[in-house]
Amino acid sequence: MTNIFIIGMGLIGGSLSLALKNDSTFHRLGYDISEDETNMAHQLGVIDERVTRLQDGAERADVIIIATPVGVTIKIMEQLSTMALKKGVILTDVGSTKRTIVEQAERLLPSVCFIGGHPMAGSHKSGVTAAQEHLFENAFYLLTPTAETSRDELISLKNILKLTKARFIELDAKRHDRLVGVVSHFPHIVAAGLVHQLEKMQATDDQVTALAAGGFKDITRIASASPIMWRDILVHNKEEMIRLMNEWQQDMDGIRELIENEDHESIYHFFAGARQVREGLPQKSRGAIPAFYDLYVDVPDHLGVVSDVTYVLAENKIHLTNIRILEAREDIMGVLRLSFRSEEDRTHARTVLMERHYQIYEQ
Ligand SMILES: NC(=O)C1=CN([C@@H]2O[C@H](COP(=O)(O)OP(=O)(O)OC[C@H]3O[C@@H](n4cnc5c(N)ncnc54)[C@H](O)[C@@H]3O)[C@@H](O)[C@H]2O)C=CC1
Ligand SMILES: O=C(O)C(=O)Cc1ccc(O)cc1
């Protein structure tokens, strides 16, 4: 039996643990600073065993996965460095930044095999209740081995993580932070900035709120993510964030000038160039995009409608990953949130439910 100890029973820790569930040689122990979260994880079958003290899990573990916000991850490594870990234990993490974590692992735990990890799929949702077994399927799983990492250790870790069905990419921690800074970290600053701009307008003209549906909600979706997690990410990728921020400010100054000068041609090229680059991005591979494909269905007030919806989906062989009644309003019995594994499933579900005259929307 291989004891796998997962620290942090949130979206990512929970999803990883679920992905490892089908290997009967793994015994999954879980710990979270919030006992409620650990209990919930146990009740949902996300882990095999609850641990109430970090040390109890750490000293029994063959593999330790730290799945906490990145600032906490370094504090946990400090704690682990004072414990009697098993000889040969493999330590990994799932943090969105890698440089400071890898550096601190080398400093704090020089005789432990640490291999940084970052599964590049997730959501703006958090907590173990949002965990999904298939979250990382086809997503990139970035690993940051160093010169100290042996081939055997890397293979052992990959053999465990391959149950996620993710695709591994190895790169060094600095390059990781530079690339992910552009595709994930910096866009979060922009998204939050746009929402704050809306907020300022709300103070003078609240009509803007009703108009902020559609495109605005699409590009600011990631601003709904956990502020603790994103605070830590920005601080731990500080140099890259400052560099990108300077570049961005220069670019924005340039665009302001084009608008001031009514430079039609250059403004056109600004948009045309962006469209061309965006259309050239990979379609199928999943990067840092939402792994939750939700549909919302207004459920009219008549008996048996929930089973009708699930029947229609089953009849069409559409796999549901979650179903939940979200709210009850006067005119309808409730709103059903249906979650699917892929965009294809969601599109198919929308079509078949609309054929049955259900009222469908996406958010
Ligand atoms: N949410 C996402 O889309 C992705 C997140 N990540 C990374 O994964 C890590 C975890 O993120 P999520 O699972 O989304 O967050 P989450 O908020 O769902 O879960 C984090 C969990 O860590 C627990 N925790 C906090 N301090 C702790 C401590 N001292 N000891 C034990 N547990 C503690 C919290 O109670 C919480 O349950 C972060 O480092 C994040 O950067 C990586 C890929 C995607
Ligand atoms: O791009 C995003 O914000 C996401 O929706 C999911 C996500 C968040 C954090 C990561 O480190 C990787 C993926």
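Q: Which element gives the largest share of the shell around ligand 1?
A: In this predicted model, the largest share of that shell comes from α1, which supplies three residues.

Q: And how many residues surround ligand 1 in total, and which are the closest?
A: Ligand 1 is surrounded by 29 residues, and the closest of them are G8, G10, S96, G122 and S126. Besides α1 (11-19), the elements that each supply at least two residues of this shell are α4 (70-80), β6 (113-119) and α10 (227-236).

Q: Which domains does the shell draw on?
A: Domain 1 (2-171) and domain 2 (176-279) each provide at least three residues of the shell around ligand 1.

Q: What about polar versus nonpolar there?
A: The shell residues divide into 14 nonpolar, 13 polar and two charged.

Q: Back to β6, why is it described as largely enclosed?
A: Seven of the seven residues of β6 are buried, so the rest of the structure largely encloses this strand. From β6, C113, I115, G117 and P119 point one way, while F114, G116 and H118 point the other way, and all are buried.

Q: Which strand pairs with β6, and in what sense?
A: Strand β5 (residues 90-93) pairs with β6 in the parallel sense over three bridges, and T92 stands opposite I115 in β6.

Q: New topic: which residues touch the most other members of the largest nonpolar core?
A: Those are I6, I64 and I65, in a core of 57 residues. Leaving aside residues up to four places away in sequence, I65 touches I4, I6, G13, L16, T92 and V94. Apart from that core lies another of twelve residues, among them V299, L336, F340 and L353.

Terms used. Residues numbered from 1 in each chain as written. Chains lettered and ligands numbered in written order. Predicted model: local features only at pLDDT ≥ 70, side-chain atom pairs only at ≥ 80, totals over all residues. Core = buried A, V, L, I, M, F, W, Y, C linked by C-beta atoms within 7 Å. Buried ≥ 20, exposed ≤ 12 C-beta atoms within 10 Å, placed from the backbone. Contact = placed C-beta atoms within 7 Å. Near = placed C-beta within 6 Å. Helix = DSSP H or I, 4+ residues; strand = E, 2+ residues; numbered from the N terminus. Nonpolar A, V, L, I, M, F, W, Y, C, P; charged D, E, K, R; others polar. Domains from an automatic or database assignment. Pairing = 2+ DSSP bridges.
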